[in-house]
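Here's a quick briefing to keep beside the model while you click around.

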Amino acid sequence: AADIKTRSLYIGNLAPQVTDQLLWDVFSIIGPVESCKVIRDKTSGQSAGFGFVDYFDPLTAAMAQDKMNGKRVYDYELKVNWAAAGGGVTGSKEDT
């Protein structure tokens, strides 16, 4: 479970052709997006297959996580999870 202040989502399994703008368009359906970014390989510039979407409020982020996980974009099934603290993709924290 994410803490109530979390507004950032990790979006995995992105199709190679997904752009920042497309990510914005898709996730704006749920509510106002503060920012989003498709992570790219530093040398090739190709999509790394994941990105992040930040919402203005945690409730919208929770709704997006619920509704968008498993949705298909270019026939790729999105994996939508809470972004780790600090926005890094260093693995999920287990509840203790």
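**Fold at a glance**

The protein chain has 2 helices and 6 strands, taken as DSSP runs (H or I, at least four residues, for helices; E, at least two, for strands) and numbered from the N terminus. In sequence order, the pattern reads β-α-β-β-α-β-β-β. Bear in mind that this is a predicted model: local features need pLDDT of at least 70, side-chain atom pairs count only at pLDDT 80 or more, and totals for chains, interfaces and linings use all residues. Residues are numbered from 1 along each chain as its sequence is written, and side-chain values use heavy atoms, with hydrogens and water left out.

**Whole chain**

- Of the 96 residues in the protein chain, 31% are buried; buried means under 20% relative accessible area, exposed over 50%, and partly exposed in between (1.4 Å probe, protein chains only).
- Among contacts (heavy atoms within 4.5 Å) with a separation of 6 or more, 59% are between residues 24 or more positions apart.

**The core**

- The largest nonpolar core has 20 residues, and Ile11, Leu23, Phe27, Val53 and Tyr55 have the most contacts inside it.
- Strand 1, helix 1 (20–28), strand 2 (33–40), strand 3 (47–55) and helix 2 (58–68) each give at least two residues to this core.
- A nonpolar core here is a set of buried Ala, Val, Leu, Ile, Met, Phe, Trp, Tyr and Cys residues joined through side-chain atoms within 4.5 Å.

**Helix 1**

- Leu23, Val26 and Phe27 are the buried residues of helix 1.
- Looking down the axis of helix 1, these buried residues fall within an arc of 90°, so they line one face of the helix; the arc is that of the directions from the helix axis to the C-beta atoms.
- The cover over them includes strand 1, strand 2, strand 3, helix 2 and strand 6 (79–82).
- Beyond its neighbours within four places in sequence, Leu23 is in contact with residues including Ile11, Cys36, Phe52 and Val53.

**The cavity**

- The largest cavity holds about 40 Å³ of space, and its lining is Leu14, Val18, Leu22, Leu23, Val26, Phe27, Val73 and Leu78.
- A cavity is a set of points on a 1 Å grid over the protein atoms alone where a 1.4 Å probe fits but cannot get out, and lining residues have an atom within 4 Å of a point.
- Grid points are joined across faces, edges and corners, and the volume is the space filled by probe spheres set on the points.
- Helix 1 supplies the largest share of this lining, 4 residues.

Conventions:
1 Å grid on protein atoms, 1.4 Å probe; cavity = no way out; pocket = protein on both sides within 12 Å on 5 of 7 lines; lining within 4 Å.
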